Amino acid sequence: MMNQDNKYQNLANEILDNIGGKENVSYVTHCMTRLRFNVKDNSLPNIEKLNTVPGVLGVVLSGGQLQVIIGQTVDRVYEQLNKMGNFNSSDFIIDPSDQIKEKLTLKKIGNNILNALAGCLTPLIPLLVATSMFKMVVALLGPGMFNILAAETDLYTLLTFIGDAGFYFFPIYIAYTAAQKFQVTTVIAMFLGGIMIHPTFVQIATEGIDFSVYGIPVQAQVYSSTVIPIILSVWIMSYIEKFFKKHLPNTLKTIFAPTLTIAIMVPISLIVLGPAGNFVGNYISQGILSLGNLGGLGTIIAIGLIGALWQFLVMTGMHLLMITTMIMIFSSTGFDNFVTLGAVSASMAVTGMCLGAALRLKGKEERSLAWSYVIAGFIGGVTEPGLYGLAVKYKKPFIGLMVGGLAGGIYAAITGVTAYALVPVANFLALTAYFGGSTANLINGIISGLIAIVVAGVVTYFIGFEEAEKVN
């Protein structure tokens, strides 16, 4: 255990040294495989040297973040980073005002939006995984599939509301992560999230009862399972709270800063940001869903293209927009027959590409690495080793990856597969997203994954590549 700790400690130390030291870090968190840094001075990180650090699988600049790809042990390295830098579990450790000011451009605005989404949604991955697993168990054992659990049993009811709770209380969960991201007092942000889904307000919204805040009429809406309204609210709250903390006398700050912040945020959230965020979220969700409901050749091609291009979105960070959309779709409708199909096929295609490469490569060491990438992808759900260790390294495997994702996505689209759970993993468990519908839906979903694996593997193998072709 001590040797393992030393290993992760050394790795964390080398990473810190090559990103400009702990003083250059304004924010750090991690997802399933990557350390995600916000740095104050983008000129300080030595990307080239960071790429050569043993244990670092790759480095990506995306969405305004410096992302260091570690793999499945990322949490162990993150733990050591926190100890070394005295970072406090995803808290900002330096006031953003200390950051070097950059000219505000459209690209910068886009990066800031992606950065905010990543900071608010990435920490939710463990919650989404647990929620999806409970929903999958209910779908598998319930009347819709094997009928082992009757709908009238307590266990069925228990598992059902556990799964539902993961989505229903989104405004409170996201208030927590958004508070970390925007430097707001955490419990006050969660308080605002609780206000937005209070049973009384939900009743007012569902029954269409006239209501006002400080005499201003409110278009009451149900904010349970929503994403954008609370992110916008906490973002604005960060400015309101800072104002009161800065201008109130110290003797009054403890009592009046949180009270006045909430008093001002309630009308802003319930009258302006909530309805606006709901409108935007519904517009995006319904727009995406309508593409899936169009039917015909257009939808088939669109799903196939998502399968072919998904991994490029992952590498550029643009997949966060799609994941945000997927979360909104699942939380509002309970299913997705569009984005998820392509995304799952793309994940399976990574395994297929690695498999084809493992069979093709002649060098013992390279072949051994390729087999480890197969296991990392299909069992561990970590696609970056394959992506950066094979596709980026040799380029040609990208062709197999794209064709495999395209083929799997097209099959899923043609057979009308629907995903009933958001399973944010890239291993074989991603196929459990298709539990919950008919048996044919599940079988076709699994077949689409197998097609992605086989086609990607065959194309990668026969197109071929040599070790000498690798891109330095």
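On the surface, Leu359, Trp371, Val454, Val458, Tyr461 and Phe462 come together as a nonpolar patch with about 600 Å² of accessible area in total. Patches are built from residues with over 30% relative accessible area and no salt bridge, where like charges are joined within 9 Å and nonpolar side chains (Val, Leu, Ile, Met, Phe, Trp, Tyr) within 5 Å. Areas follow the Shrake-Rupley method with a 1.4 Å probe, and for residues only the protein chains shown count as cover. The model is predicted: local features need pLDDT of at least 70, side-chain atom pairs count only at pLDDT 80 or more, and totals for chains, interfaces and linings use all residues. Residues are numbered from 1 along each chain as its sequence is written, and side-chain values use heavy atoms, with hydrogens and water left out.

Helix 18 (residues 439-463) supplies the largest share of the nonpolar patch, four residues. Helices (H or I, at least four residues) and strands (E, at least two) are DSSP runs numbered from the N terminus. Leu359, another patch member, sits in helix 14 (residues 339-360). Leu359 is exposed, at 52% relative accessible area; the scale used here calls a residue buried under 20%, exposed over 50% and partly exposed in between (1.4 Å probe, protein chains only).

Turning to charged side chains, two salt bridges are found, each being a side-chain nitrogen of Lys or Arg within 4 Å of a carboxyl oxygen of Asp or Glu. Lys83 and Glu79 form one of them, at 3.7 Å from N to O. These residues lie four apart in helix 3 (residues 74-85), so about one helical turn separates Lys83 from Glu79. Lys83 is exposed at 53%, whereas Glu79 is partly exposed at 39%. Lys245 pairs with Glu241, with 3.9 Å between the closest N and O atoms. Here too the spacing is four residues, or about one helical turn, within helix 10 (residues 228-247). Lys245 is partly exposed at 39%, while Glu241 is buried at 3%.

What about the interior? Strand 1 (residues 25-30) is largely enclosed by the rest of the structure, because five of its six residues are buried. Strand 1 pairs with strand 2 (residues 34-39) in the antiparallel sense over five bridges; pairing requires at least two DSSP bridges between two strands. Within this pair, Val28 has Phe37 as its bridge partner.

Cysteines complete the picture. Cys120 is buried, with 0% relative accessible area, and Cys354 is buried at 0%. Zero disulfides turn up in the whole structure, a disulfide being a pair of cysteine sulfur atoms within 2.5 Å.
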